[in-house]
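Let's go through this one in question-and-answer form, checking each label against its cut-off.

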Amino acid sequence: MNDSWSKRALALLLLIAALPVVVLAQGFAGLGSDAEGFSVPRRGTLMAFPADHGPHPDFRIEWWYVTANLEAEDGRVFGVQWTLFRSALAPGNAEGWRDPQIWIGHAALTTPDHHYVAERLGRGGIGQAGVETTPFRAWIDHWEMKSNSLPDEDELARLDLFAAGDAFSYQLTLETSTPPVPQGDRGYSVKSEAGQASHYYSQPFYQIKGALVVGGKPVAITGKGWLDREWSSQPLAADQEGWDWFSLHLDSGDKLMAFRLRDAAGGFISANWIKADGETEMIDTESVSLEPLRTAKVNGRPVPVEWRIQVPAKRVDITTHALNDQSWMGTSTPYWEGPIRFGGSHSGVGYLEMTGY
Amino acid sequence: MKRVALWALLSHWRHRPLQFLTLLLGISLATALWSGVQAINAEARASYARAASVLEQGDLIQLLPQPGRQITVADYVSLRRAGWVVSPVIEGGYRFGEARIRLIGIDPLSMPREGRAFEISGGNDISSFMGAEGELVVSAATAAKLDGKTDIPLKIAAEVPNDAAFTDIAVADRLLQRNGSIDRIVVAPSQQLDVSDLQEAAPWAVLRSPSEKPDVAQLTDSFHLNLTAFGFLAFVVGLFIVYSTIGLSFEQRRSTFRTLRSLGVSLQSLIVLLMLELAVFGLVAGLLGVTIGYLLASTLLPGVAATLQGLYGASVSGSLALRPEWWGAGLAMALAGTACASAQNLWQVKQLPILSAAQPRAWAGLSARVLRAQVVCGLLLLVLSAVLAFAGTGLVVGFAVLGALLLGAALLLPPLMSGFLKLAESCAGGAVTQWFWADTRVQLPGLSLALMALLLALSANIGVGTMVSSFRLTFIGWLDQRLAAELYVTARDEDEAARLRQWLDGRHVTVLPIWSTEGQVLGRQVEIYGVADDATYRDHWPLIRGNQDVWDAIASGNSALVNEQFWRQGEVDIGQELELPGGWKVKVVGVYSDYGNPNGQVIVDVTALAQHYPDIPKLRYGLRAAPAVAADLQRQLMDEFGLPDGNVLDQASVKQRSREVFDQTFTVTGALNVLTLAVAGFAMFASLLTLSGRRLPQLAPVWAMGMRRRDLALLEVVRTLLLWSATFVAAIPLGLVLAWVLLSIINVEAFGWKLPMHVFPLDWLWLGLVALGAALLSVLLPVKRLATVHPADLLRIFANER
Amino acid sequence: MLLTISGLTKSYSTAEGPIAVLKGIDLQLQAGETVALTGESGSGKSTLLHLVGGLDQPDAGRIIVNDRDIATLADAERALYRRHEVGLVFQQFNLIPSLDVAANIAFHARLAGRQEPEWERQLVEKLGLTALLNRYPEQLSGGQQQRVAIARSLAVRPPLILADEPTGNLDEATGDAVLDLMLSLSGEAGSALLLVTHSMRLAGKLDRQIMLRAGRIGG
């Protein structure tokens with residue numbers, strides 16, 4: 001199963017905590033805290049849309065996470081990230097300032113030379129940030145992800161996406177006719193041997209059109225997008241120290257999601273193979289191999305930016321390359337997240353996220 | 001050559017250690033008082049700046065509500081949704097038991113790093129700060145004060161000034177009952193949008209740029225101006241000492257100068273050497289002065305801090321930081337002062353022909369021309385002062401009135417004395433009497449600076465003393481009116497308050513709730529108090545506008561009283577309608593005096609207050625009971641409810657405490673007064689000492705014709721006492737006018753209240769005795785010298801060139 | 001005999017030990033007599049004058065004036081002696097700077113309690129001071145100042161006038177004129193005059209000349 005849960009949970013909590021990176025070395029202890037008072041993910045809970053597109057305030061953490069691999073007409077390549085995190089100090093909602101929900105937005109735009117980052121924080125209850133369904137709308141400050149779907153379509157089938165930072169902005173249109181894809185066991189995604197889990201679904205089939213403004217100049221682009229939705233309340237396992245997570249668009253139209261939670265031993269690996277028609281299949285943990293090939297010095301520390309990924313059952317043996325080795329998210333809690341391309345048995349583009357380095 | 005010349009010049013001081021000491025002490029004292037006052041001012045200003053930066057995010061642009069409007073959460077969110085990086089703040093005074101705290105509610109998520117007073121580090125910090133229980137981030141001292149007075153957990157952060165607490169905006173909103181209104185919005189320095197468009201985006205707000213001075217710094221300007229004026233006065237008085245001493249030393253060294261020059265030291269070298277000598281002295285004495293100033297400031301600062309707290313609610317740390325710029329400024333003042341005081345003498349050295357006879361100036365009489373000029377200038381200044389007093393407004397004008405008054409009076413003193421002495425001389429019968437008056441007049445030019453300094457110091461003493469005593473008398477009378485209840489009790493929470501009310505019911509005790517809230521009225525943050533309809537208020541409340549009828553109007557719930565400060569700010573007047581927070585409209589029917597409160601205040605009916613603001617804390621009560629019963633009641637309350645000492649106060653101890661605060665408030669003024677007087681006394685001493693060196697040619701003929709040295713010495717004492725007394729007599733009317741200016745002009749501008757003047761002749765008597773003592777001290781040494789002068793020294797006058 | 005001095009000695013202590021200035025002086029002066037005291041610088045003539053004037057005290061010896069030994073008088077009595085029996089004229093700084101000429105002239109007489117307005121008027125006239133009465137000493141020339149000092153000393157009609165180089169700061173012609181006036185007026189006043197001068201020429205104008213040499217009367 002699954003993946004980005006822990007990393008993002010970590011990122012989120014650290015973010016709020018404004019903890020310096022060094023503290024990561026102290027491990028996860030206490031970061032996920034306990035689930036006291038919060039709902040806990042349960043196996044067998046089925047996804048229900050459009051309700052599950054919206055927030056689950058009884059769970060501690062949740063996110064709406066879009067990554068996109070984009071290309072301009074002249075062949076220039078870009079990556080874009082748009083994320084809205086929700087972190088609850090207490091379960092449920094309250095009026096006004098007393099609402100215990102905290103919202104955090106991250107936006108990034110990556111070129112081969114630059115990696116632009118922006119961050120927004122806000123509290124729930126007053127309208128500064130939040131997520132609504134029917135029609136679907138997720139926002140923080142002036143950043144927004146808004147449904148533009150037709151009446152009989154899924155709320156997330158057509159989205160308008162906007163974010164802006166100090167030196168960049170983007171306005172994208174995301175479209176797909178494929179329904180959302182539950183991850184793990186019908187959307188129940190286990191994340192450690194100890195059984196920590198989340199509710200998790202994705203929409204990896206977006207076709208994207210739109211415009212970027214970078215360096216003050218508008219650029220028309222097209223490309224592929226991937227949305228992750230996940231919520232949970234449980235902490236990570238105590239010995240897990242970071243993760244490496246891949247979302248890959250294969251040229252065949254198939255998608256591969258794979259991650260490794262690093263610990264003192266071999267780590268906890270999970271992967272899903274999603275066919276071009278949307279059918280998803282969990283891959284046996286033992287039959288996935290993630291191997292760093294090259295590290296680059298990023299923000300003063302070595303970070304693996306080339307990987308070999310092997311999934312023998314799917315005859316996958318590929319090597320990934322970062323579009324920009326320096327795709328460092330210098331947000332309150334820093335991590336590495338950027339577009340990649342890959343070749344070998346298969347070729348294509350995707351996104352890589354690494355935390356704990 | 002130069003070294004030899006310098007050595008020759010310096011050898012003078014070896015033979016005159018007293019003169020040397022006087023010179024050093026003069027520069028040191030002048031520098032000490034000046035730099036001491038500057039140190040106090042600098043520390044206070046640094047405190048304001050720190051407080052403004054920490055408490056008010058004063059380094060950032062802020063949005064304040066337009067008058068008559070409130071900032072709503074929707075306003076704030078609309079700015080955020082438009083992409084502005086802004087952060088909301090709710091603030092106000094809040095009472096935890098009897099501890100009054102400035103509560104600042106912030107949103108830690110949106111507050112820009114530049115506006116954060118303290119670090120919230122770690123997820124646990126955030127979740128406790130923003131959590132349901134909330135958290136108060138306070139200084140250690142405030143934490144000790146709040147201990148046991150609130151259920152909200154406390155967290156100590158050294159960066160937070162005393163008597164202030166940071167908390168999450170949700171907690172502040174609840175405690176201060178803002179119901180979603182915001183007091184101000186902080187604008188982050190880095191924006192994706194153009195800040196020049198901000199006003200358009202927020203038409204409901206007033207932009208306050210960060211360069212503007214903190215409010216409290218503006219409020220306290222008058223106080224610091226006051227201190228500076230005192231410091232400067234003392235500095236000038238100190239320079240008189242330096243001037244006299246340098247003059248004497250130059251005069252006594254004239255023959256040395258001549259010898260050096262005839263031995264081939266050029267005039268230029270001589271002047272350079274003298275300047276070098278004076279610069280070294282200035283530097284040494286300046287260092288000493290700055291050190292004394294530092295000690296002085298450290299001693300006075302706690303008092304100043306108390307004053308600022310008491311008068312303006314400004315928090316100033318009681319400890320002094322060493323600031324390099326202040327050392328530099330102190331030394332520069334010492335050098336500049338020395339230069340000023342020696343310029344004239346250096347000029348004379350330059351004019352001195354090599355071969356001129358070294359005759360001392362027999363008597364450089366105050367020429368009639370100089371006296372006339374002084375009369376004209378003095379009168380013009382007095383007229384200017386009067387015109388400003390009646391036509392001008394504003395604090396600066398107030399101080400201009402003071403300055404013109406003092407300077408004008410000081411300028412008039414020597415001509416007046418001269419005239420008086422002339423008159424006395426012409427009326428004198430005996431030869432000795434006539435000579436005495438004539439001789440006194442001859443001393444006048446040498447003493448006039450010192451006498452003017454003395455006049456300033458004495459009248460400042462009388463003026464400030466009268467102001468403080470008048471204030472004290474008024475204040476105590478006002479306390480008697482205001483603190484009419486026999487007991488003041490504060491419950492620790494609402495439950496206890498409810499039980500208290502129940503317990504008091506039917507005990508023949510009149511219970512007067514003291515409930516209040518805070519809010520924006522006419523764009524100002526004011527306190528809103530509720531009063532019960534009770535004879536206590538009708539009989540005692542210190543109304544300065546309005547009559548007994550106002551209490552019926554108040555009881556009706558649609559009328560209000562305002563305090564004098566609020567009224568004098570000029571936006572409120574009798575009959576005007578005020579809109580209180582939440583749209584409650586009341587008519588102003590009266591004004592009451594409210595000394596020692598820096599804030600505007602509004603009083604309404606307590607029942608109406610509780611109806612409009614149901615959530616106000618209902619913890620404080622005044623209790624009226626027969627005095628005999630009060631002590632019992634106090635004990636019962638403490639036994640029954642376990643209330644701590646501080647929560648049940650009897651009238652006498654509240655008054656006692658208020659008086660203590662009041663007295664502490666003027667400690668620093670008193671100290672500066674005494675010090676200025678001391679410096680003036682020393683200036684007199686230095687002048688007399690200087691003169692005594694020139695006296696022998698004036699006295700020798702009289703002695704030769706049959707006057708005893710003892711009689712001459714006695715006459716010297718009488719003369720000094722006479723001059724002091726005359727100055728003292730002149731200082732009384734001047735001091736009273738000064739007091740009037742302070743009470744009727746400066747106080748109104750600076751504090752917003754006007755005080756009646758009371759005169760305390762007994763205080764003058766004390767001051768007169770102190771001045772007399774100082775006069776005797778100042779004349780002691782010069783007279784002792786004269787009484788024991790050897791006849792040979794007197795005889796030498798007649799035969800030899802000195 | 002107005003003045004009888006016998007066995008008068010006086011020494012001053014200096015860093016090198018005491019220096020004897022007067023080493024036993026015997027001298028007599030008749031009422032109305034004018035005597036010049038001459039000698040070199042340091043011969044002790046000024047010291048002798050000061051002792052006679054009651055301005056200083058001798059180490060030993062007697063100074064009998066009108067049958068009273070003023071060497072033994074207390075400070076207060078000496079002041080009275082100066083006030084009533086002596087007129088003093090010095091080389092400089094004779095006048096009280098704070099008083100005008102008229103007040104200066106009258107000062108000593110008023111102090112002694114015997115003012116004679118008519119006598120004063122004559123003095124003023126004879127000394128040519130009429131136009132100067134309202135001036136202050138600093139506004140006068142040296143000769144004028146000395147004339148005022150002479151007028152003052154004569155106004156009190158003292159039995160004895162002591163003058164110490166009264167013309168020392170004046171040019172020869174003025175000095176001669178001043179001295180002539182002084183001699184004639186002291187005669188009118190009936191005062192004896194003891195004049196210290198180093199000028200033999202001036203000394204010759206007086207009744208008698210006494211030369212001091214190294215603290216003794218000689219020549």
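Q: What is Leu194(C) in contact with, leaving aside its neighbours within four places in sequence?
A: Leu29(C), Val35(C), Leu37(C), Leu49(C), Val52(C), Leu160(C) and Leu162(C). Contact here means that the C-beta atoms of two residues, placed from the backbone, lie within 7 Å. A quick note on the ground rules: this is a predicted model, where local features need pLDDT of at least 70 and side-chain atom pairs count only at pLDDT 80 or more, while totals for chains, interfaces and linings use all residues. Residues are numbered from 1 along each chain as its sequence is written, and chains are lettered from A, ligands numbered from 1, in the order in which they are written.

Q: What makes Leu194(C) stand out in the largest nonpolar core?
A: That core has 213 residues, and Leu194(C) is listed with Ala453(B), Leu455(B) and Ala683(B) as touching the most other members. A nonpolar core is a set of buried Ala, Val, Leu, Ile, Met, Phe, Trp, Tyr and Cys residues joined through C-beta atoms within 7 Å. Buried means 20 or more other C-beta atoms within 10 Å of a residue's own (12 or fewer is exposed, in between is partly exposed). Helix 14 of chain B gives this core its largest share, 27 residues.

Q: How many of the residues of chain C count as buried?
A: By that cut-off, 49% of its 219 residues do.

Q: Why are strand 3 and strand 8 of chain C called paired?
A: Pairing takes at least two DSSP bridges between two strands. Strand 3 (residues 34-39) and strand 8 (residues 192-196) of chain C have four, and run parallel, so they qualify. In one of those, Thr34(C) is bridged to Leu193(C) in strand 8. Strands are DSSP runs of E, at least two residues, and helices are runs of H or I, at least four, numbered from the N terminus.

Q: Where does chain B touch chain C?
A: Helix 14 (431-482), helix 22 (667-704) and helix 25 (791-799) of chain B each supply at least two residues of that side. Helix 14 gives the largest share, eight residues. In total, 26 residues of chain B are in contact with 28 of chain C.
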